[in-house]
Amino acid sequence: TVFLPVWIIVPFLILLDSPGPVIFVHKRVGKNGKPIYLYKFRSMVANAEQLSGHKTHGEEHDPRQTKVGTFMRKTYLDELPQVINILRGEMSFIGPRPERPEYVKDLKEKIPFYATRFLVPPGITGWAQVNMENDASVDDAPEKLQYDLYYIKNRTLILDLLISLRTLSAIVQRQGR
């Protein structure tokens, strides 16, 4: 109920800012390597991947981002619809971030034990996200995997609480930027 106004206001702002759908649906790899469809508020112009000519990770100053999208990414509001994925049992609040299938295929071939990260449900936030400055590139995958494996091996309520607190801290600190 606390987020109900956000669920009403954000879609309205997205529609005012640029034409296209409010929710962006993206195929990712979930627990046990099964495909899931990740939900996010759209933060880029409609058909952004087709406009760029290739699939790419969104960058901080990506020209495809809308004005509202830039704000949502800064405050992580674009991630809010992933609560739907949690309610569907496809994700949890905390766990390794789900990756795109095309990246997973490549990373499984290049990085030993990469598939181990699929032993647990993916999460909205995780140990890698609170410990790495930037985990958006494929080049960061080996380091990110180390954090994911640490989380999988040491999963406890205390570690989840620590990740939650550090995530909230990151959200608060980014709002000032």
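This is a predicted model: local features need pLDDT of at least 70, side-chain atom pairs count only at pLDDT 80 or more; totals for chains, interfaces and linings use all residues.
## Helix H5

Helix H5 spans residues 101-110, and its buried residues are Tyr 103, Val 104 and Leu 107. The packing partners of the buried residues of H5 are strand S1 (23-29) and helix H7 (141-153). Lys 105 and Glu 109, on the other side of H5, are exposed.

Glu 102 also belongs to H5. Its relative accessible area is 35%, so Glu 102 is classed as partly exposed. The C-alpha atom of Glu 102 is 9.0 Å from that of Arg 28, although the two residues are 74 positions apart along the chain.

## Helix H3 and the residue after it

Helix H3 covers residues 67-75, with Val 68, Gly 69, Met 72 and Thr 75 as its buried residues. Down the axis of H3, these residues fall within an arc of 135°, so they line one face of the helix.

Tyr 76 follows H3 and has a positive phi, near 65°. Tyr 76 is in the loop between H3 and H4. With a relative accessible area of 30%, Tyr 76 is partly exposed.

## Asn 85 in helix H4

Helix H4 consists of residues 82-87 and contains Asn 85. Asn 85 has a relative accessibility of 0%, so the residue counts as buried.

The side chain of Asn 85 makes a polar contact of 2.8 Å with the side chain of Glu 90. Leaving aside residues up to four places away in sequence, Asn 85 touches Tyr 37, Leu 38, Tyr 39, Glu 90 and Met 91.

## Strands S1 and S2

Strand S1 is paired with strand S2 (residues 35-41); the two run antiparallel and are joined by seven bridges. In this pairing, Ile 23 stands opposite Phe 41 in S2.

S1 and S2 form a hairpin with five residues between the strands, and Asn 32 in this hairpin has a positive phi near 60°.

Most residues other than glycine have a negative phi.

Phe 113 is located in the loop between H5 and strand S4 (123-125). The relative accessibility of Phe 113 is 64%, so this residue counts as exposed.

## Salt bridges

The structure contains eight salt bridges. One of them joins the side chains of Lys 40 and Glu 79, with an N to O distance of 3.4 Å. Lys 40 is in strand S2 and Glu 79 in the loop between H3 and H4, so this pair ties together parts that are 39 residues apart in sequence. Lys 40 and Glu 79 are both buried. Glu 79 also forms a salt bridge with Arg 97, where the closest N and O atoms are 3.3 Å apart. Arg 97 lies in the loop between strand S3 (92-94) and H5, and Glu 79 in the loop between H3 and H4, so the pair ties together parts that are 18 residues apart in sequence. Arg 97 is buried, as is Glu 79. Lys 40, Asp 78, Glu 79 and Arg 97 are linked in a network of salt bridges.

A further salt bridge connects Lys 144 with Glu 99, and its closest N and O atoms are 2.7 Å apart. This pair links distant parts of the chain, with Lys 144 in helix H7 and Glu 99 in the loop between S3 and H5, 45 residues apart. Lys 144 has a relative accessible area of 6% and is therefore buried. Glu 99, at 9% relative accessibility, also counts as buried.

Technical notes. Residues are numbered from 1 along each chain as its sequence is written. Side-chain values use heavy atoms; hydrogens and water are left out. Buried means under 20% relative accessible area, exposed over 50%, partly exposed in between (1.4 Å probe, protein chains only). Helices (H or I, at least four residues) and strands (E, at least two) are DSSP runs, numbered from the N terminus. Contact means heavy atoms within 4.5 Å. A polar contact is a pair of N or O atoms within 3.5 Å; within protein, one must be able to donate a hydrogen and the other to accept it, and residues adjacent in sequence count only if both atoms are side-chain atoms. The arc is that of the directions from the helix axis to the C-beta atoms. Two strands pair if DSSP finds at least two bridges between them. A salt bridge is a side-chain nitrogen of Lys or Arg within 4 Å of a carboxyl oxygen of Asp or Glu.
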